[in-house]
Amino acid sequence: MQIRISWPAGSITATLDAGTPTAQALAKALPLASTASTWGEEVYFDTGVSVSRETDARQVVEPGTVAFWTEGNALALPYGPTPISHGGECRLASPCNVLGRLDGDAGLLATVRAGEPVRVELIED
């Protein structure tokens, strides 16, 4: 399953594992519009989707991971260190459900500014 995440300065696509309950819940809510927040080198935003933490949720992930922060009903898109990272790792605020990976350069997310509109849509085959 592919999604497109757009903001005023650009967009990026991501490939999600359609087999996860969180990805399925997110897909049902698309398209969605939200407002970006940033935390170190992470962009996150509310999705209006409420799901439970999955058993394989992780707090430390690779840059470009598409994660779902269950405590904030938010997509979390880390592209580098956050304020609680050790070294260069991507450490999320708490364990998050892992949905997939961004396609291409996750560093594009550095152009997202807090307060900007964000849109997420399903890319139809």
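**View 1. Salt bridges in this predicted model.** The count comes to 4 salt bridges, where a salt bridge is a side-chain nitrogen of Lys or Arg within 4 Å of a carboxyl oxygen of Asp or Glu. Side chains of opposite charge can pair when their charged atoms come close. Before going further, a word on how to read these views: residues are numbered from 1 along each chain as its sequence is written, and side-chain values use heavy atoms, leaving out hydrogens and water. Because this is a predicted model, local features need pLDDT of at least 70 and side-chain atom pairs count only at pLDDT 80 or more, while totals for chains, interfaces and linings use all residues.

**View 2. Arg4, Arg119 and Glu121 form a salt-bridge network.** Which residues are linked in this network of salt bridges? They are Arg4, Arg119 and Glu121. The side chains of Arg4 and Glu121 meet at 3.9 Å, N to O. Arg4 lies in strand β1 and Glu121 in strand β10, so the pair ties together parts that are 117 residues apart in sequence. Strands and helices here are DSSP runs, numbered from the N terminus (strands are E, at least two residues; helices are H or I, at least four). Arg119 also meets Glu121 in a salt bridge, at 3.4 Å, N to O. Relative accessibility is 31% for Arg4, 22% for Glu121 and 38% for Arg119. Each of these values counts as partly exposed, the class between buried (under 20% relative accessible area) and exposed (over 50%), using a 1.4 Å probe and protein chains only.

**View 3. Arg53 and Glu71 bring two loops together.** Have a look at the salt bridge between the side chains of Arg53 and Glu71, which is 3.0 Å from N to O. Arg53 sits in the loop between β5 and β6 (58-61), and Glu71 in the loop between β7 (65-69) and β8 (74-78), so the pair ties together parts 18 residues apart in sequence. Is Glu71 buried or exposed? Glu71 is exposed, with a relative accessible area of 54%, whereas Arg53 is partly exposed at 41%.

View 4. Two strands pair if DSSP finds at least two bridges between them. Begin with β1 (residues 2-7), which pairs with β2 in the antiparallel sense over 6 bridges. A hairpin joins β1 to β2 through 2 residues, and Ile5 has Ile12 in β2 as its bridge partner. β1 also pairs with β10 (residues 117-123), again antiparallel, over 5 bridges. Here the bridge partner of Arg4 is Glu121, and the side chains of Arg4 and Glu121 also meet in the salt bridge of View 2. Strand β3 (residues 32-35) is antiparallel to β10 as well, over 4 bridges, with Leu32 standing opposite Val120. Finally, 3 bridges join β2 to the antiparallel β9 (residues 90-102), where Ala14 stands opposite Leu102.

**View 5. Glu42 is buried without a salt bridge.** Glu42 is found in strand β5 (residues 42-46). Which side chain of opposite charge is nearest to Glu42? It is Arg91, 10 Å away; in this account Lys and Arg count as positive and Asp and Glu as negative, while His and the chain ends are not counted. Not counting residues up to four places away in sequence, Glu42 touches Ser37, Ala76, Leu77, Pro78, Tyr79, Thr82 and Leu92, where contact means heavy atoms within 4.5 Å.

View 6. The structure holds 0 disulfides, a disulfide being a pair of cysteine sulfur atoms within 2.5 Å.

**View 7. Ala18 sits in a loop.** This residue lies in the loop between β2 (10-16) and α1 (21-29). Ala18 is partly exposed, with a relative accessible area of 39%. Leaving aside neighbours within four places in sequence, Ala18 is in contact with Met1, Ala23 and Gln24. The C-alpha atoms of Ala18 and Asn97 are separated by 13 Å, and these residues are 79 apart along the chain.
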